[in-house]
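Trainee: Could we go through this model together? I would like to begin with how its strands pair.

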Amino acid sequence: MRAITSFLLIAALALPGQSRSPLQLAHHPALSPDGRTVAFDLNGDIWTVSAEGGEARRLTNHPARDTHPVFSTDGKSIAFQSDREGGACVYIMDAAGGDARQVTFNTAGTVPLQFAPGGSKLLVEV
(Lines give C-alpha, C1' and ligand atoms only; values in the text may rest on other atoms or scores of the structure.)
Protein backbone atom coordinates (compact mmCIF):
# COMPACT_ATOMS: atom_id res chain seq x y z
CA MET A 1 0.00 0.00 0.00
CA ARG A 2 2.85 2.41 0.81
CA ALA A 3 4.34 1.97 -2.67
CA ILE A 4 1.01 2.70 -4.32
CA THR A 5 0.48 5.78 -2.15
CA SER A 6 4.02 6.96 -2.96
CA PHE A 7 3.51 6.43 -6.67
CA LEU A 8 0.28 8.40 -6.65
CA LEU A 9 2.02 11.16 -4.71
CA ILE A 10 4.83 11.32 -7.26
CA ALA A 11 2.33 11.76 -10.06
CA ALA A 12 1.32 15.11 -8.56
CA LEU A 13 4.84 16.58 -8.24
CA ALA A 14 6.76 18.92 -10.53
CA LEU A 15 10.30 18.89 -11.83
CA PRO A 16 12.48 21.96 -11.26
CA GLY A 17 12.77 24.43 -14.11
CA GLN A 18 9.47 23.35 -15.63
CA SER A 19 5.97 24.65 -15.22
CA ARG A 20 4.11 23.15 -12.29
CA SER A 21 2.63 20.43 -14.46
CA PRO A 22 2.28 16.95 -12.94
CA LEU A 23 5.27 14.65 -13.13
CA GLN A 24 4.74 11.79 -15.56
CA LEU A 25 6.50 8.48 -16.18
CA ALA A 26 8.22 8.28 -12.79
CA HIS A 27 9.11 4.70 -11.88
CA HIS A 28 10.05 2.55 -8.90
CA PRO A 29 9.06 4.82 -6.00
CA ALA A 30 10.82 4.16 -2.69
CA LEU A 31 9.80 5.76 0.60
CA SER A 32 12.56 6.68 3.06
CA PRO A 33 12.46 4.92 6.45
CA ASP A 34 11.25 8.09 8.18
CA GLY A 35 8.50 8.55 5.58
CA ARG A 36 9.64 12.07 4.66
CA THR A 37 11.23 11.49 1.25
CA VAL A 38 10.33 9.60 -1.89
CA ALA A 39 13.05 8.46 -4.32
CA PHE A 40 12.17 7.44 -7.87
CA ASP A 41 13.71 7.10 -11.30
CA LEU A 42 12.76 9.28 -14.22
CA ASN A 43 14.39 9.50 -17.65
CA GLY A 44 17.37 7.43 -16.52
CA ASP A 45 18.22 9.40 -13.37
CA ILE A 46 17.44 9.08 -9.65
CA TRP A 47 15.35 11.86 -8.08
CA THR A 48 14.00 12.62 -4.61
CA VAL A 49 11.14 14.76 -3.39
CA SER A 50 9.42 15.47 -0.11
CA ALA A 51 6.66 12.97 0.63
CA GLU A 52 4.41 16.00 1.19
CA GLY A 53 4.97 17.15 -2.39
CA GLY A 54 6.99 19.92 -3.95
CA GLU A 55 9.86 20.26 -6.35
CA ALA A 56 11.82 17.12 -7.23
CA ARG A 57 15.62 17.11 -6.93
CA ARG A 58 17.85 15.15 -9.33
CA LEU A 59 20.48 13.07 -7.52
CA THR A 60 22.17 11.47 -10.51
CA ASN A 61 22.97 13.06 -13.84
CA HIS A 62 24.81 10.45 -15.85
CA PRO A 63 24.60 9.29 -19.48
CA ALA A 64 23.90 5.77 -18.17
CA ARG A 65 20.44 4.61 -17.10
CA ASP A 66 19.99 4.79 -13.29
CA THR A 67 16.88 3.00 -11.95
CA HIS A 68 15.32 1.12 -9.01
CA PRO A 69 16.27 3.32 -6.02
CA VAL A 70 16.17 1.74 -2.54
CA PHE A 71 16.81 3.59 0.74
CA SER A 72 19.15 2.14 3.36
CA THR A 73 17.56 1.32 6.73
CA ASP A 74 18.91 4.55 8.25
CA GLY A 75 17.84 6.62 5.21
CA LYS A 76 21.36 7.97 4.68
CA SER A 77 22.11 6.06 1.47
CA ILE A 78 20.33 5.03 -1.69
CA ALA A 79 21.18 1.91 -3.68
CA PHE A 80 20.20 1.86 -7.35
CA GLN A 81 20.76 -0.07 -10.55
CA SER A 82 22.88 1.47 -13.31
CA ASP A 83 24.41 0.35 -16.59
CA ARG A 84 27.42 2.69 -16.18
CA GLU A 85 29.91 -0.10 -16.88
CA GLY A 86 27.87 -1.95 -19.50
CA GLY A 87 25.95 -4.47 -17.37
CA ALA A 88 23.20 -3.48 -14.96
CA CYS A 89 25.01 -3.38 -11.61
CA VAL A 90 24.15 -1.91 -8.21
CA TYR A 91 25.63 1.35 -6.94
CA ILE A 92 25.26 3.12 -3.59
CA MET A 93 25.34 6.87 -3.03
CA ASP A 94 24.57 9.33 -0.25
CA ALA A 95 20.83 10.05 -0.06
CA ALA A 96 21.61 13.76 -0.50
CA GLY A 97 23.50 13.09 -3.75
CA GLY A 98 27.16 12.85 -4.67
CA ASP A 99 29.45 10.21 -6.10
CA ALA A 100 28.15 6.65 -6.43
CA ARG A 101 30.26 3.55 -5.82
CA GLN A 102 29.69 0.24 -7.56
CA VAL A 103 28.89 -2.66 -5.19
CA THR A 104 27.96 -5.50 -7.59
CA PHE A 105 29.89 -6.66 -10.63
CA ASN A 106 27.58 -9.26 -12.23
CA THR A 107 27.46 -8.54 -15.96
CA ALA A 108 24.16 -10.43 -16.28
CA GLY A 109 22.44 -7.68 -14.27
CA THR A 110 21.53 -7.04 -10.65
CA VAL A 111 18.61 -5.13 -9.09
CA PRO A 112 18.65 -3.82 -5.50
CA LEU A 113 15.63 -5.01 -3.49
CA GLN A 114 16.17 -3.89 0.12
CA PHE A 115 18.76 -3.39 2.82
CA ALA A 116 18.97 -5.93 5.64
CA PRO A 117 18.17 -4.74 9.17
CA GLY A 118 21.13 -2.69 10.39
CA GLY A 119 21.94 -1.66 6.81
CA SER A 120 25.23 -3.57 6.47
CA LYS A 121 23.95 -5.89 3.74
CA LEU A 122 21.88 -5.40 0.62
CA LEU A 123 19.48 -7.95 -0.88
CA VAL A 124 19.70 -7.98 -4.67
CA GLU A 125 17.98 -9.88 -7.45
CA VAL A 126 20.20 -11.45 -10.09
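Trainee: How many bridges join β5 to β6?
Mentor: Four bridges join strand β5, residues 66-71, to β6, and the two run antiparallel. Strands here are DSSP E runs of at least two residues, helices are H or I runs of at least four, and both are numbered from the N terminus. Two strands pair if DSSP finds at least two bridges between them. Please note that this is a predicted model, in which local features need pLDDT of at least 70 and side-chain atom pairs count only at pLDDT 80 or more, while totals for chains, interfaces and linings use all residues. Residues are numbered from 1 along each chain as its sequence is written, and side-chain values use heavy atoms, with hydrogens and water left out.

Trainee: Which residue is the bridge partner of Phe71 in β6?
Mentor: That partner is Ile78. The β5 and β6 hairpin has five residues between the strands, and Gly75 takes a positive phi near 75° there.

Trainee: And what about β6 and β7, how many bridges do they have?
Mentor: They pair over seven bridges in the antiparallel sense. One residue lies between them in the hairpin, and Gly86 in the turn has a positive phi of about 105°. Within the pair, Ser82 stands opposite Cys89 of β7.

Trainee: Back to Ile78: is it buried or exposed?
Mentor: Ile78, in strand β6, counts as buried because its relative accessibility is 0%. Buried means under 20% relative accessible area, exposed means over 50%, and partly exposed lies in between, with a 1.4 Å probe and protein chains only.

Trainee: What is Ile78 in contact with?
Mentor: Leaving aside neighbours within four places in sequence, its contacts (heavy atoms within 4.5 Å) include Ala39, Leu59, Phe71, Tyr91 and Met93.

Trainee: Which residues make up the largest nonpolar core?
Mentor: There are eleven: Ala30, Ala39, Ile46, Leu59, Phe71, Ile78, Phe80, Cys89, Tyr91, Met93 and Ala95. β6 (77-85) and β7 (87-94) are the elements that give two or more residues to it, and β7 provides the largest share, three residues. A nonpolar core is a set of buried Ala, Val, Leu, Ile, Met, Phe, Trp, Tyr and Cys residues joined through side-chain atoms within 4.5 Å.

Trainee: What does Leu59 touch, sequence neighbours aside?
Mentor: Beyond four places in sequence, Leu59 is in contact with Ile46, Trp47, Thr48, Ile78, Met93, Ala95, Ala96 and Gly97. Another core, of eight residues, lies apart from the largest one; Phe40, Trp47, Val49 and Ala51 are among its members.

Trainee: Changing topic, in what order do the strands of the open sheet run?
Mentor: The order is β1-β2-β3-β4, four strands with antiparallel pairing. β1 (27-31) and β4 (57-58) are at the edges with a single partner strand each, so one side of each has no neighbour in the sheet. Six bridges join β2 (residues 37-42) to β3 (residues 45-50), and Asp41 has Ile46 as its bridge partner in β3.

Trainee: Where is Asn43 placed?
Mentor: Asn43 is in the loop between β2 and β3. Its phi is positive, about 50°, although Asn43 is not a glycine. Asn43 is exposed, with a relative accessible area of 64%.

Trainee: And what is the phi of His28?
Mentor: The phi of His28 is near 50°, again a positive value in a residue other than glycine. His28 belongs to strand β1 and is partly exposed, at 34% relative accessible area.
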